[in-house]
Amino acid sequence: MNCCPRISTNKDRGYAWWILFMSFLSHVCNRGFSYGILGNMTIAHQKFFNIGLQESGIIGSLHVATIFLFAPLASIMVKKLGCRTVEILGGCCLILGFGLSSLSTQSWHAFILFSLLAGIGVSSTYMASSTILTAYFQRFSYFAFSLAILGTFIGSTVWPIGSQYLLDTFGYSKAMGFIAISHLIHFIAGASFIPPNNTQQSSEDKRISELSASERKPTNEMQATPTHEIPREPSTNELQEKAETSTVKEVTGGSSSQTSISTCAEQESAIEKCDVTFTNSAFINSNDDKLSEAEGCGKLATDGEPISSDSSENFAEEDPSLKKDLLSLIKSPQVWVLMVNAFFWNATNTTFHVLINNYIVHRLSLIEREAALSITIFGGAKLAGSVIAVLISPLKFDRPMLRFITIMVYSICTIIIAFSTSKEMYYILLSIWGVNFALSLGNLLAVLLDVIGARLLPLLFGIELLASGLGSLLGTALYTFIGENTEELYSLISAGCGGIIGSIILLPVVISRQRQQHLVNKQP
């Protein structure tokens, strides 16, 4: 049985764009939903259950914490069960959480249903709807990631208005029922998240795959990848550059297509000696797939291919366990750099959102209308930043460098805003903060993909969200403690300094990638 990688037509075309649309809608209704309704739900819980602001605030904080802290488990579920199953399970949790909330009568019901159950649902759907994009997009992966994140910011803009309308018109219980119905979108999305190995190849793709297989050199020696080194797949930028080089060679009188296929097969065979092919229940992510495309196979290689029982047996010895994948991530210095960065940038983000309104209203003596205008400007800036992230996604540039710059800029803005002397100055700095924050968040998945590749992206994404959650809990607690014992001004200053530290920590990754790119460019 032929078990070599086969060329597929599902990447970046056809059904892939439906997947992107459903991922976009899922983002509107998971993370965008949570951040959009959080403020309204805090007030609604306070009024409906007749509890204090502190207890109501804890309900919302625990909901956000659950989203982040459950993310590693959600990433493992994606690896084991596939995106389709996890998306549907997450939708079930959301529907049950809000559906049963319509029957709740005591505040502890909100802790279980909204904080925990709905938080698990948001975390699961967020992980599944993000990870599925790596299976369907390669050339346009950056665009797909940015457009999906745009759904988060649209959701955080639309849901405050929609949820408040439901609460004012129908009351808490009925509003929870309507909100539960809206999460049926996750069932539709989950049903759409068909693994790419269900797609069929065209006759031309099969012919090229057979030719490649017939000239493949047999390899009997397999060496497992050392646990401290993570095989990284080429980034989209690298693939585009190599594809362009291959095209130039063909135009200027390169070898025949038969020779190209033979060369591709030989390179795939050599790669197999040092890389381990990974298989999971949803699809196969293989490094030699993408490297074969980069060296001139002429068609996009897919991470997924139909797996027969024979081929599964042939690959059984090559299949690294989940434990080995986790160990390889833990032992990677780059992963630790990303985790520390996630801790600091999200601590700065959370502290800023928690403290800025109260601080600036008292410092500049803003009236209610001016405070509302600042919130509108802030939301518009985030939307603008996410749109910019979508527009620049097709361009070739260093994604970690962009993340370094954006985190540095909004961290510095956090410090400068604390010394604002006028409304105009505050509005301008707030706009800069929002644009850069949206750019950094819209660029997150692209950075992780560049650093680690598609195969380990779900696990790394889960670890990244875990570190972000810890930063939100511990970092924010530290910064607010500083403010309580000194002044609120110093909370914002310390948060901004923490964000700058988190940005500087990214420098080793940025410098390392610049050096690698320089060496690649020097090669003939």
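Where pLDDT is low, the predicted coordinates should not be read in detail.

This is a predicted model, in which local features need pLDDT of at least 70 and side-chain atom pairs count only at pLDDT 80 or more, while totals for chains, interfaces and linings use all residues. Residues are numbered from 1 along each chain as its sequence is written, and side-chain values use heavy atoms, with hydrogens and water left out.

## The chain as a whole

How many helices and strands does the protein chain have? There are 22 helices and two strands; both are DSSP runs numbered from the N terminus, with helices being H or I of at least four residues and strands E of at least two. The mean pLDDT of the protein chain is 76, and 74% of its residues reach 70 or more.

Of the 524 residues in the protein chain, 54% are buried. Buried means under 20% relative accessible area, exposed means over 50%, and partly exposed is in between (1.4 Å probe, protein chains only). The accessible surface of the protein chain comes to about 22200 Å², and 65% of that belongs to carbon and sulfur atoms; such areas come from the Shrake-Rupley method with a 1.4 Å probe, and for residues only the protein chains shown count as cover. Among contacts in the protein chain with a separation of 6 or more, 86% are between residues 24 or more positions apart.

Ala44 lies in helix 2 and counts as buried, at 12% relative accessibility. Leaving aside neighbours within four places in sequence, Ala44 is in contact with Leu167 and Tyr172. The C-alpha atoms of Ala44 and Gln164 are separated by 9.2 Å, although these residues are 120 apart along the chain.

Helix 2 covers 31–48, helix 3 covers 53–69, and Asn50 lies in the loop between them. Most residues other than glycine have a negative phi. Asn50 is not a glycine, yet its phi is positive, at about 55°. Asn50 is exposed, with 69% relative accessibility.

## Aromatic rings and a charge

A search of the whole structure finds 23 aromatic pairs. The rings of Phe48 and Phe49 have centres 5.0 Å apart and planes at 85°, so this pair is edge-to-face. The rule is that rings of Phe, Tyr and Trp (its six-membered ring) pair if their centres lie within 6.5 Å; planes under 30 degrees apart count as stacked, over 60 as edge-to-face and the rest as tilted. Phe48 is partly exposed at 35% relative accessible area, whereas Phe49 is buried at 10%. Elsewhere, ring pairs link Phe153, Trp345, Phe352, Phe378, Tyr410, Trp433 and Phe437 into a cluster.

Which rings does Arg399 lie over? Arg399 lies over the face of Tyr142, 3.8 Å from the ring centre, and its charged end also sits over the ring of Phe397, 3.9 Å from the centre. A charge sits over a ring if NZ of Lys or CZ of Arg is within 6 Å of the ring centre and within 35 degrees of the ring normal.

Helix 17 spans residues 399–417, and at 1.5 Å a residue its 19 residues should span 27 Å, which agrees with its end C-alpha atoms being 27 Å apart. The expected span is 1.5 Å times one less than the number of residues.

Asn341 is found in helix 15, residues 333–364. Is Asn341 buried or exposed? Asn341 is buried, with a relative accessible area of 0%. Not counting residues up to four places away in sequence, Asn341 touches Arg403, Ile407, Gly502, Ser503 and Leu506. Ser365 lies in the loop between helix 15 and helix 16 (368–392), and Ser365 is exposed, at 57%. Its phi is near 55°, a positive value in a residue other than glycine.

Methods:
Contact means heavy atoms within 4.5 Å. pLDDT is the predictor's confidence in each residue, from 0 to 100.
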